[in-house]
Amino acid sequence: MVKKSKKSKSKRVPLRKKYKIIKKVKEHHKKKAKEAKKLNLSGKRKVEKDPGIPNDWPFKEQELKALEARRARALKELEQKKAARKERAQKRKLGLLEDDDVSMLADAANGKEENFGEGTSTASGKNRDNSDRAFYKELVKVIEVSDVILEVLDARDPLGTRCIDMEKMVMKAGPDKHLVLLLNKIDLVPRESVEKWLKYLREELPAVAFKCSTQEQRANLGWKSSKTAKPSNILQTSDCLGAETLIKLLKNYSRSHEIKKSITVGVIGLPNVGKSSLINSLKRCHVANVGATPGLTRSMQEVQLDKNVKLLDCPGVVMLKSGENDASIALRNCKRIEKLDDPVGPVKEILNRCPANLLISLYKLPSFDSVDDFLQKVATVRGKLKKGGIVDVEAAARIILHDWNEGKIPYYTMPPARDQGIPSEARIVSELGKEFNVNEVYKNESSFIGSLKSVDDFQPVEVLPCCPLNFDEAMLEVCNVYIA
């Protein structure tokens, strides 16, 4: 007897069943979409149509005529602005636009903006004032809490990045507050400048030379020992220089009392002098955000260095009097270059300070006659062109300012001659240096300062030092209220 083979059942779904499932799924999705639309779960705002002017309104014709006139006026103004821009661009291209014309146009534009949006400008001014007050409060908080205050200075222009009023605030905060000056970015200046600036600053306050770690390293930011530093690779090294000296100075102060005590060290200074980079270098890891943009640190930050030393990072504050020059502020990198109203002004200052042959070789240009000619040639070489092939002078000016602040245009300053007849207001008694045991500390740093390149090897441009910045009077009163 032959057994019949059992046929395996097919697993294919019949088409009638398949289409039935597809139909049910579509109905389900449609129902869900309808419910979501009813509850407005998508988050889309319903755009309401303009109902227009009712036909039975008695002044409909007058309103329509007024609306048409407003539209025509707006179009006319837009065309006039376009024509003026074209004419100005043509004049600039031909070199016929004078500086006075530029300032007049800027003043006219500012006047129009003030008349058009008076309420908006007032609100923005209030917001700026409130943000400035918040920064000042953070500064006062750091000074109050700290035992030792480190004022970080840029070694390229220590006097220009110094704030005498800030130092007065520290002195007024109490006799137990001690101020130490830290000369940062010593790898960007020649050895002679560092030595003379340290001698100049140490006549008033304890001062230490420093070079932060290169922040491109992800972790384990290294220290270069003062004994192993060599002149050949000190500028190329990514390691920190001067950390041992600074920590020894702070440890000496913590041990200067009969009982060992933990100290709080506040780090203050103008924007972009390297306060956060200093803290990262001492901690040997990234604990604070760093960058070339001023205003990156927005609030006070605590970093525990070890059981005896705590560091406080303070946001950089520009406390300017109303008479300060905007160009000098931009050259100190205290203000964002993107937010400058007139980037051409600071470039004029750079051209006044730097010799023409340096800029010609740096930007690979032929000779130039004026600031406008220089910027036009830089814009042409760098490909900064607007619509219609017009050179973008402002973009070229911003490139120059970035290069100045980042050290691509090398410069340094030498300390001015001190008038011995007039005593310095920031001078403190020499006994304060004994608590830090400065004489012993200064001996250790001479080895890596001596390994810096000299003026002949470095070939930077010597410029005159800027004047120290001062507080705005209104904000100075606010700070005094907070301290009191």
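A search of the whole structure identifies 14 salt bridges, a salt bridge being a side-chain nitrogen of Lys or Arg within 4 Å of a carboxyl oxygen of Asp or Glu. The structure is a predicted model, in which local features need pLDDT of at least 70 and side-chain atom pairs count only at pLDDT 80 or more, whereas totals for chains, interfaces and linings use all residues. Residues are numbered from 1 along each chain as its sequence is written, and side-chain values use heavy atoms, with hydrogens and water left out.

One of these pairs joins E204 to R162, with 2.6 Å between the closest N and O atoms. Because E204 lies in the loop between α6 (191-201) and β3 and R162 in the loop between β1 and α5, this pair ties together parts that are 42 residues apart in sequence. Helices (H or I, at least four residues) and strands (E, at least two) are DSSP runs, numbered from the N terminus. E204 is buried at 7% relative accessibility, and R162 is likewise buried at 2%; buried denotes under 20% relative accessible area, exposed over 50%, and partly exposed the range in between (1.4 Å probe, protein chains only).

Salt bridges also occur within helices. In helix α5, K168 and D165 lie three residues apart, about one turn of the helix, and their side chains meet at 4.0 Å, N to O. K168 is partly exposed at 32% relative accessibility, whereas D165 is buried at 11%. In helix α12 (residues 371-382), K377 and D373 are four residues apart and thus separated by about one helical turn; their side chains form a salt bridge at 3.3 Å, N to O. Here K377 is partly exposed, at 24%, and D373 is buried, at 18%. A network of salt bridges links D154, R156 and K185.

Six strands form an open sheet of mixed pairing in the order β3-β2-β1-β4-β6-β5, where two strands pair if DSSP finds at least two bridges between them. Since β3 (207-209) and β5 (301-304) stand at the edges with a single partner strand each, one side of each is left without a neighbour in the sheet. Neighbouring strands are turned by 25 degrees against each other on average, direction ignored; axes are lines fitted to C-alpha atoms, for helices over the stretch in contact, and angles run from 0 to 180 degrees between N-to-C directions.

Strands β1 (residues 148-154) and β2 (residues 178-184) run parallel and are joined by seven bridges, with V180 of β2 as the bridge partner of L150. Helix α8 (residues 275-283) packs on the sheet, touching β1, β2, β4, β5 and β6 (309-313), contact meaning heavy atoms within 4.5 Å.
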